[in-house]
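I opened the model today and kept notes as I went. Each entry says what I looked up and what I found.

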Amino acid sequence: MRSKIYLFVSFFALALVSCEYEFPTPAEEAPQEAQNADLSQMTFVGGSRFAGTIDGAYSANTAQFNLPYLMLRQGNFVEQDALVGPNANITSSFNVYLNADVNGSTGAYEAFYPSLDTTLFKRRTISGAALTFGNGGATDLRSYSFPGMSLGDITGTSPNNSYLNAFYPSLSGSLMSQLDQSTSTFMIIDAGYEDIINFAMNGAAGNAEVATTNALTFGDLPSEALFRSQLEDLANTLIDGNRKGVLLNIPSILQFPVFSRIEYDLTPYIDGTPALSTARSQASTLNNKLLAYYAQNPNIPSEDRRPLFDFAGDNRGNWGIINEDPTLADVNYNGEELPKIRHAMSNEYFIYENENALRTGYGSNFDNPVPNNRFITAAEAELINLKIAAFNQIISDVAAASNGNLVVVDTKAFFDTLYEGYDRVLNNSPQGTTIDGVFYEPLISEFGIFSADGLNLNPAGNAMLANVIINGINNGYNGNLKGVNPNALPGTNFKLGQ
């Protein structure tokens, strides 16, 4: 009986071997390409949007989560873990906004909830390290992008950008000329965005009408004529019938979380603290001097008189930050020049990086007001929006004149759609978007696409912006590039506890 069983098993095994199912060879996946452009050597040039700045910093995560890498890796244009741009040789982080130079040691911003019983997060910085580039001087990059790099830094021969200068300490000519000599077949250009960001982050205190590249300093804006000249120069140098590309336009940046319209109120920072008593005492003294001055000069029209200060208890919830304002009328009271300061107003924008300092007397002590370059007035906000509209028109004009060699990627429309319905003053939430069942909003939040700096996107946000570029390439050049899945990437990390 046992031999029969063995015989049966042997025949069964033979049958299995002889009838083994042969799986069909899977069809090769079509290469990701474009019919009307050569994408084999896509190259990125721009500022923070491409540089991998997350939580305000270069960090160990920069290489794997920067937008160029996500996009190139998704398209199988580079190998896993390839270095596509300047490699920050750092194991911790380096804050690109708070360090005065590359030797600084302030690290990334970190969002945290002070306790389990609050839904309001705070922000702090962590300890960092000095910045060095592991591949400094490299000329075979796929991304030539640095935080704060303006259009003039790309086209000019004397760039102001400290990170570009640290990476290329002996750059011969302009970065633009180096790019022209590269093997790039397709350029993805982010020009103008960083100019606007630098101007706004400097409180719109720079010169908004600089006429020549050599006269530009950090925080200035080129005139529209200069911007057009610089962009045309860049397009004419880098783009031709053999090398095509896309131009990103500029979003309405004042919607971004870094420009706050709700923290003008000092109440949460000084209520119940000695700072409130100090502010009330200083307000009383300055108010009395202003009133006495106007009593001495009764013919001064009301519209030329300075506003008074109010920290009264029945006005709690509207104790405005104390701002420096050089546009206020001069007041010389009995030989004393009174400081040009006033309460902030709700239609002004406070630059978020200063928020933590409000707990230390900054913006409440009359001898320590928020400087003119750390907030944006309503008039300055209007100027910024007008400049964005003008620069975007120039970007469209340059693309239209390129004989089909440049396509505009509309990042403005992308963010405008996300922010639809948003009103910070009325506390109306933005529309956001849902991707495969996951909701995203253009805020710093659990579901937000912004990193803790409120200006740069987190990895999931970078994926979403990469997809806007991918769609632009596919639509403009008949491409089949696949999108990056933001749901597979991390958002902003929130810590718990002080």
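**Aromatic rings.** I began with ring pairs in this predicted model. Tyr58, Phe94, Phe133, Phe146, Tyr163, Phe167 and Tyr168 are linked by ring pairs into a cluster. I then looked up the total, and the structure holds 20 aromatic pairs. One of them joins Tyr113 and Phe494, and I noted it as stacked. The ring centres are 5.4 Å apart, with 25° between the planes.

Where do the two partners sit in the chain? Tyr113 belongs to strand β4 (residues 106-113). Phe494 belongs to strand β19 (residues 494-496). They are 381 residues apart, and the pair links distant parts of the chain. Tyr113 is partly exposed, because its relative accessible area is 23%. Phe494 counts as buried, because its value is 17% and the cut-off for buried is under 20%.

**Charges over rings.** I looked for arginines above ring faces. Arg49 lies over the face of Tyr193, 4.1 Å from the ring centre. Arg124 lies over the face of Phe112, and there the distance to the ring centre is 3.9 Å.

**Chain as a whole.** Next I stepped back to the fold. The chain has 14 helices and 19 strands. Its C-alpha trace spans about 120 × 65 × 40 Å along the principal axes. Of the 498 residues, 52% are buried. I also looked up contact range. Among contacts with a separation of 6 or more, 71% are between residues 24 or more positions apart.

**Helices α8 and α12.** How do the axes of α8 and α12 cross? I found an angle of roughly 170° between helix α8 (residues 193-201) and helix α12 (residues 378-400). The axes come within 11 Å. The crossing angle therefore makes α8 roughly antiparallel to α12, as angles over 145 degrees count that way.

I listed the residues at this contact. From α8 come Ile196, Phe199 and Ala200. They meet Leu383, Ile384, Lys387, Ile388 and Phe391 in α12. By class, the contact of α8 with α12 has seven nonpolar residues, no polar ones and one charged.

**Leu72.** I picked Leu72, which is found in helix α4 (residues 67-74). Buried or exposed, I asked of Leu72? Leu72 is buried, because its relative accessible area is 0%. Leaving aside neighbours within four places in sequence, I found Leu72 in contact with Met42, Phe44, Phe77, Val78, Val84 and Arg142. I also took the distance to Tyr163, a member of the ring cluster. The C-alpha atoms of Leu72 and Tyr163 are separated by 23 Å, and the two residues are 91 apart along the chain.

**Ile188.** I went on to Ile188 in strand β7 (residues 186-190). Ile188 counts as buried, because its relative accessibility is 0%. What does Ile188 touch, not counting residues up to four places away in sequence? I listed Met42, Thr43, Phe44, Val45, Phe50, Met71, Val246, Leu248, Ile469 and Ile473. Met42 and Phe44 are on the list for Ile188, and they are on the list for Leu72 too.

**Asparagines in loops.** Asn427 lies in the loop between α13 (411-418) and β17 (433-435). Its phi is near 60°, a positive value in a residue other than glycine. Asn427 is exposed, because its relative accessible area is 66%.

Asn478 lies in the loop between α14 (459-477) and β19. Asn478 is not a glycine, and its phi is positive at about 55°. Asn478 is partly exposed, because its relative accessible area is 39%.

Asn315 lies in the loop between α11 (274-296) and β10 (322-324). Asn315 counts as partly exposed, because its relative accessibility is 21%. How far apart in space are Asn315 and Thr267, C-alpha to C-alpha? I found 9.7 Å for the two, which are 48 residues apart in sequence.

Methods. Residues numbered from 1 in each chain as written. Predicted model: local features only at pLDDT ≥ 70, side-chain atom pairs only at ≥ 80, totals over all residues. Heavy atoms only, no water. Axes fitted to C-alpha atoms, helices over the stretch in contact; angles between N-to-C directions. Helix = DSSP H or I, 4+ residues; strand = E, 2+ residues; numbered from the N terminus. Parallel < 35°, antiparallel > 145°, perpendicular 65-115°, else oblique. Contact = heavy atoms within 4.5 Å. Nonpolar A, V, L, I, M, F, W, Y, C, P; charged D, E, K, R; others polar. Buried < 20%, exposed > 50% of the residue type's maximum accessible area, 1.4 Å probe, protein only. Phe/Tyr/Trp six-rings, centres within 6.5 Å; stacked < 30°, edge-to-face > 60°. Lys NZ or Arg CZ within 6 Å of the ring centre and 35° of its normal.
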